[in-house]
Amino acid sequence: MDLFENGKVVKVCAPMVRYSKLAFRSLVRKYDCDLCFTPMIVAADFIRSAKARDSELTTTYSDRPLIIQFAAKDAQTLATAASLVAPFSDGVDLNCGCPQRWAMAEGYGACLINKPQIVKDMVRHVRNQVDKPNYAVSVKIRIHKDVRKTVDLCQKAEAAGVSWITVHGRTADERHQPVHYDAIKTIKDSLRIPVIANGDIKNPKDVQAVCELTGVDGVMSARGLLANPALFAGYEHTPIQCLWDWVKIALEQGTPFTCFHHHLIYMLENITSQPERKVFNGLSSTSAIVDYLQKTYGSF
């Protein structure tokens, strides 16, 4: 992938459980998002079950560039999963950042930042077994309290041939504490490959500020994009056109009602009053939502 070759900041939609599926990826791509990740998929389940493959991964020819994020804990499982998705994607990402208890207990996610040799082996296996030039192999990590350990992990992954590293600038124990941008800068300064910064990219100004602070090659947003899918296009809040774009995409793709509604709840949060939110959040059908939006914002 040559995303990083022109020197511009690469803007990335994060892997979000339930949310960064095809319909939402289609929406953010309309608003200057350069690269999208799927939600995290457990590689072993994906390999084992055709039903899991059908439910976990839906894509189209225009859903590119696309990175499939996997949870895996051994090299061959990741490489096999990567081989399955290579024809439909531009790369795979190894999740080394999920801090949820179930993931850590299973040996997935953030516990892998303490197993640099395993991460190195996983990257190398994918490199050796996916016969597709320019196919990306990336890792998404959280940081250690001692950033030297994180630098060591990243340098081992770099030596194995990783394409880039996404750094969520919090430790596995931190949730809403401030992001350690100094650690991201240290990591970036220690590597030759591109680095993407993740954590608290909530408005257009954050994109430039984080790049200047850390020297990274790209930024990844999760909650910021949920609240405002047009964030990367420079909008401070969700524009009305974006609401209608979501309605159109979601209805065309048959998005389940709960997901359709939840995305709109996020998008409207910063542009509506509390009484308006209460009314909207209580709506229980697609037609009621469309009627509400037409009455409030006009037809699309």
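Predicted model: local features only at pLDDT ≥ 70, side-chain atom pairs only at ≥ 80, totals over all residues.
Some ground rules before we start. Local features need pLDDT of at least 70, and side-chain atom pairs count only at pLDDT 80 or more, while totals for chains, interfaces and linings use all residues. Numbering runs from 1 along each chain as its sequence is written, and side-chain values use heavy atoms, with hydrogens and water left out.

The protein splits into domain 1 (10–233) and domain 2 (240–297), with bounds taken from an automatic or database domain assignment.

Now for the place where they touch. Domain 1 puts 13 residues in contact with 13 residues of domain 2, contact being heavy atoms within 4.5 Å. Between them the domains bury about 1200 Å², 66% of it on carbon and sulfur atoms; that is the accessible area (1.4 Å probe) that two parts lose on being put together, summed over both. On the domain 1 side, Tyr19, Ala23 and Leu27 lose the most area to domain 2, together 40% of what that side buries.

Salt bridges (a side-chain nitrogen of Lys or Arg within 4 Å of a carboxyl oxygen of Asp or Glu) number zero between domain 1 and domain 2.

Which helices each supply at least two residues of the domain 1 side that touches domain 2? They are H1 (22–29) and H10 (223–227), helices here being DSSP runs (H or I, at least four residues) numbered from the N terminus. H1 gives the largest share of that side, five residues.
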